[in-house]
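Thanks for making the time this morning. I would like to walk through how the side chains pack in this protein, and I will take the points one after another.

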Amino acid sequence: MLDWETQTISTPIRILYDRYYSGLFEFPIFADNQVMNKILVPGELSYNTLASYAFLLVFFAAVLFLYALATTLSRFYFIIASVFFALILVSFRFENLLIFGFYGKEAYAGILLLFFGSAYYLHSFREEVGIAHRYITFLCIGFLVALLIVFFSQVESPFLYLITYNIVSPLIFSVIFILMLGFEVVRGFLQIISQTGSGEGKNNLFHFMFISIIYLLVLVFIFLYNQNYISWKLIFVDAVWILLVAAIFGFWGFRNKEEIYSYLFQFRPVGAYVYLTLAIICFSSFAFFFVTANDPYVEILEDVVIMSQLSFGFLFFIYVIANFFPAMMEGHPVHKVIYNPKFMPYFSAKMGAFVGFAALFFVMNMAPYYRAFSGYYISLAQLFKLEGKNLLAEEYFKLSNVYGQQTHMGNYALAEVAENNGDNLERDKYLARAINVHPTEFAYAKFANTYYNKSKYFDEVFTLKNGVNQFPESGPLNNNLGFALSRTSIVDTALFYLDKASMKGISKIPAQTNTLAIYASKRLPVKRDSLVQFINEEADIGILNNLMVISNFNQWKTNIDMDVNFEVGISMDDLIFNYNLLFHDPLKADSTAWKDFRDFYQKAAITSFQTEMDYAFALAYAKSNRSIAALRILKPLSDRDNFGYSKYDILLAQIYMKFGSPKQAVEKFDQTARFYGFEMSIQHALALMEAEKFEEAESVLKGWEESDQEVPDIVHELLALLRIKTIDEILNLNDYSKYNYQRYRGTQLSLNQHEGIIISMEDEGFQYAAYVDLLKRLIKEENYPEARDIIQKINPNSFINPHLRIRYLQLLARYYLYEDHYENMEQFLERYEGDKNELGAVYNLLMAQKLEKDGAYDRAKVVYDELGTYDAFCEECIINSANFFAEMRSDELKGYNILLSAIEINPYSLKLNKAYAQSAIGLGLENYAIDVLAKMSEVLDGDDYQKFEEFVYTTIDKNRSEWE
């Protein structure tokens with residue numbers, strides 16, 4: 001017996017902020033919450049004791065009922081029935097129960113004497129006793145035997161021994177019943193058509209022949225598929241449904257055949273009782289073999305159904321045509337005389353059917369015969385496993401494989417034994433065989449989970465996809481496949497499988513948990529109202545945890561609170577949940593409760609709830625490109641640190657790189673270099689290269705190269721770029737290296753050299769990426785005519801990375817601002833509206849410009865007002881916002897404050913400092929302008945500083961002359 005168990009997998013995710021790019025290099029920004037995923041895995045193989053006890057009761061009660069009926073027969077047939085009853089009792093192997101400690105046949109003899117004595121008495125001396133009283137008598141004897149076993153057997157599970165050793169008897173009864181039904185489906189077709197036909201003979205004959213031939217062809221295809229003669233499963237009809245239809249038809253057929261067995265008993269009531277009892281035994285056996293995973297016996301019954309229906313059905317079809325063709329042509333109801341043939345005797349059809357059945361049996365190489373042994377050994381192995389006799393169980397499972405030509409149950413059980421022994425190679429071998437022999441949901445899930453544990457992702461997905469193809473409605477497999485795909489970028493497909501899984505009871509909660517995990521880990525857009533559906537009485541800690549992580553990411557407040565019983569203990573799920581809860585809203589936590597919680601959860605190293613909340617808010621602002629709000633929070637957090645290093649410093653460096661301010665990033669990387677070792681060296685070096693501090697970048701990378709640490713290829717790549725001296729060396733590089741050279745050292749080249757290197761690239765993707773860098777350089781240098789030529793060479797749909805496309809669109813927007821062309825602005829806003837969140841402030845600036853040109857000044861004011869506090873690294877955004885308020889709204893002070901706020905965040909921007917100096921001079925704050933000039937002397941090169949100095953003093957002179 002197998003059942004599903006839920007396994008929790010926690011995965012750290014980087015909430016609120018995802019990554020930044022330097023050229024083609026991508027770097028994550030860390031802010032971990034723990035997302036919970038739930039997968040369904042098979043529990044340990046166990047013996048289905050409840051099903052075994054229930055089936056033993058049903059089978060023994062049915063046998064006793066048949067024997068009670070036998071006591072009403074003539075003496076000859078009563079003796080034959082008694083012999084068969086004795087054989088059934090022998091097959092129970094009562095000696096194995098050690099009743100009174102005896103291992104011989106004493107118990108069997110005593111039990112047999114009880115039943116035979118009562119049966120003989122009822123048969124010979126009490127003929128007037130009804131069937132009900134006879135049956136009650138046998139039930140009472142059976143109850144006494146059960147009591148005897150309960151109190152005097154010396155084995156642990158005596159009743160399980162009975163059904164295990166007698167497993168063959170119900171199989172034989174079932175086979176007999178199935179063979180009884182061999183003619184019944186085709187006969188049922190005949191009866192239905194003959195009774196309800198139009199009366200037009202030809203139509204009746206045609207209808208009978210058509211439906212019978214179709215049915216027989218279906219059976220042929222099923223047989224060929226089951227025996228692997230064909231691999232395409234055209235007909236999806238399980239044998240059990242064919243058996244059910246045959247049993248329904250067979251009841252009336254058995255009644256109609258009363259004249260054949262009337263020498264034994266009449267149909268009413270004995271015949272009906274016999275038929276229904278055999279049906280109960282057959283279908284309960286089918287169910288028992290299925291729920292106990294005894295696949296050899298299930299396959300035996302399925303094969304017998306198909307073989308009997310095919311051979312018997314075909315012969316009955318010939319029998320009908322041979323005897324009743326003229327009568328059917330005339331439209332007579334031949335079903336009434338079906339057992340009164342004229343030419344071909346009914347006995348001949350029976351014999352031919354058995355010959356056909358035997359032929360099919362030998363075509364299968366007597367597989368059902370060997371499977372009978374295999375199923376018996378599986379039953380024994382399950383019993384011994386229950387008793388803890390693992391070595392004996394293992395040997396019987398292996399025997400089941402020998403006789404059963406590799407059974408599913410045997411291989412699955414041996415895989416579990418190998419896993420318990422730590423032999424993973426054997427485990428995988430047996431699991432693969434189990435799936436190959438007879439695929440089940442449990443085997444696919446277990447096999448896929450072994451690949452997950454070995455981090456073999458593609459094998460895991462491949463196994464689960466095969467499982468879902470075999471069992472498309474399996475909740476556990478759909479859930480596990482959705483979880484596997486969620487670890488990639490195939491989010492839509494993952495959600496599709498999880499949605500299917502959520503429709504199934506056992507996988508509903510895990511699937512909902514995993515769906516929320518995808519929304520959290522993949523940062524999918526989700527409306528808060530849509531999450532309400534997950535909050536109900538069924539919601540477990542996994543769902544609440546992931547709802548909270550989503551709330552963390554979106555900065556939503558929730559009413560979720562700590563709920564831990566420390567006297568009971570705390571599970572790993574509780575640890576994960578409460579860690580995320582602490583990160584989510586520490587102000588709601590009770591101080592005493594959190595003090596107790598820290599004793600359990602040593603990983604929590606949060607010293608200030610408010611600090612963590614500030615940290616979360618800062619990340620949220622950074623994610624939405626609001627650099628001013630984010631850095632206003634983060635900079636004080638960093639300055640508050642007394643040790644010269646904290647996670648806030650690294651985060652600040654990364655955010656500066658994200659917003660294109662490498663000089664500020666270098667300051668933070670330099671400050672923390674001695675703490676992080678080689679962990680952040682590449683990011684540090686790239687920041688130095690973007691800040692054009694090439695010697696320092698080489699020094700950082702050489703420190704890694706000369707260490708005993710493993711050196712990544714990127715270090716060698718960057719060092720090689722830094723050591724290039726001539727154009728010829730550049731031209732001999734591959735496209736990847738050429739791109740990196742122009743990206744980080746392009747400012748050392750003339751424009752012609754820069755473009756020449758790009759043209760020499762063969763890969764179009766690298767070429768377009770390099771054109772973006774060249775376009776950035778040209779716009780920064782305000783060389784707009786050349787920029788226009790570059791824009792015409794770029795195909796925005798051909799970038800090798802999505803972020804390059806966004807960078808290009810941001811540059812394109814800046815070019816349109818210079819061009820000041822209304823139609824281009826309008827087209828850009830309409831075309832890239834879906835990218836506006838990623839485009840950030842520059843998109844809003846184009847929107848503001850368009851609104852201003854449309855004369856919608858009030859709406860433009862709202863956008864400009866937001867731009868003034870949005871992104872200090874979008875220089876055009878800040879300057880245009882300040883100019884709008886200074887010129888259009890005659891609010892020079894607000895414009896000045898916008899610029900002042902921006903240069904506090906982005907102090908090295910030449911454009912912002914020039915605009916600030918000009919604004920300060922306009923307000924008569926010349927000293928402030930002089931202070932900016934002094935500050936920039938430490939940043940700018942000689943020529944640039946001279947130009948800036950000239951601009952400041954020229955502006956001062958101009959302003960004084962205007963006042964005069």
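Before anything else, a word on terms: a residue is called buried when its relative accessible area is under 20%, and exposed when that area is over 50%. Please also keep in mind that what you see here is a predicted model.

With that cut-off, Tyr457 has a relative accessible area of 19%, and therefore counts as buried. Phe458, by contrast, is exposed, because its relative accessible area is 69%. How are the rings of Tyr457 and Phe458 arranged? Their centres are 5.4 Å apart and their planes stand at 75 degrees, so this pair is edge-to-face.

Another of them joins Phe288 and Phe289, whose ring centres lie 6.0 Å apart with the planes at 55 degrees, so here the pair is tilted; both Phe288 and Phe289 are buried. Ring pairs also link a cluster, whose members include Phe60, Phe85, Phe92, Phe94 and Phe115.

Some of those names come back when we turn to the nonpolar cores. The largest nonpolar core has 159 residues, and the members that touch the most others are Leu89, Phe92, Phe94, Phe115 and Tyr319. Helix H12, residues 295-329, gives the most to this core, with 17 residues. If we set aside neighbours within four places in sequence, Leu89 is in contact with Phe60, Phe94, Tyr108, Leu112 and Phe115. There is also a second, separate core of 126 residues, which includes Ile714, Tyr808, Ala872 and Phe873.

Two lysines deserve a look as well. Lys894 lies over the face of Phe885, at 4.2 Å from the ring centre, and Lys914 lies over the face of Phe951, at 4.8 Å from the ring centre.

H1, residues 49-70, has 22 residues and reaches 31 Å from its first C-alpha to its last, which is close to the 32 Å expected at 1.5 Å a residue. Of those 22 residues, 16 are buried, so H1 is largely enclosed by the rest of the structure. In helix H18, which covers residues 441-453, we find Asn449. Is this Asn449 buried or exposed? Its relative accessibility is 14%, so Asn449 counts as buried, and, leaving aside neighbours within four places in sequence, Asn449 is in contact with Gln7, Ile39 and Val41.

Notes
Residues numbered from 1 in each chain as written. Predicted model: local features only at pLDDT ≥ 70, side-chain atom pairs only at ≥ 80, totals over all residues. Heavy atoms only, no water. Core = buried A, V, L, I, M, F, W, Y, C linked by side-chain atoms within 4.5 Å. Buried < 20%, exposed > 50% of the residue type's maximum accessible area, 1.4 Å probe, protein only. Helix = DSSP H or I, 4+ residues; strand = E, 2+ residues; numbered from the N terminus. Contact = heavy atoms within 4.5 Å. Phe/Tyr/Trp six-rings, centres within 6.5 Å; stacked < 30°, edge-to-face > 60°. Lys NZ or Arg CZ within 6 Å of the ring centre and 35° of its normal. Expected span 1.5 Å × (residues − 1).
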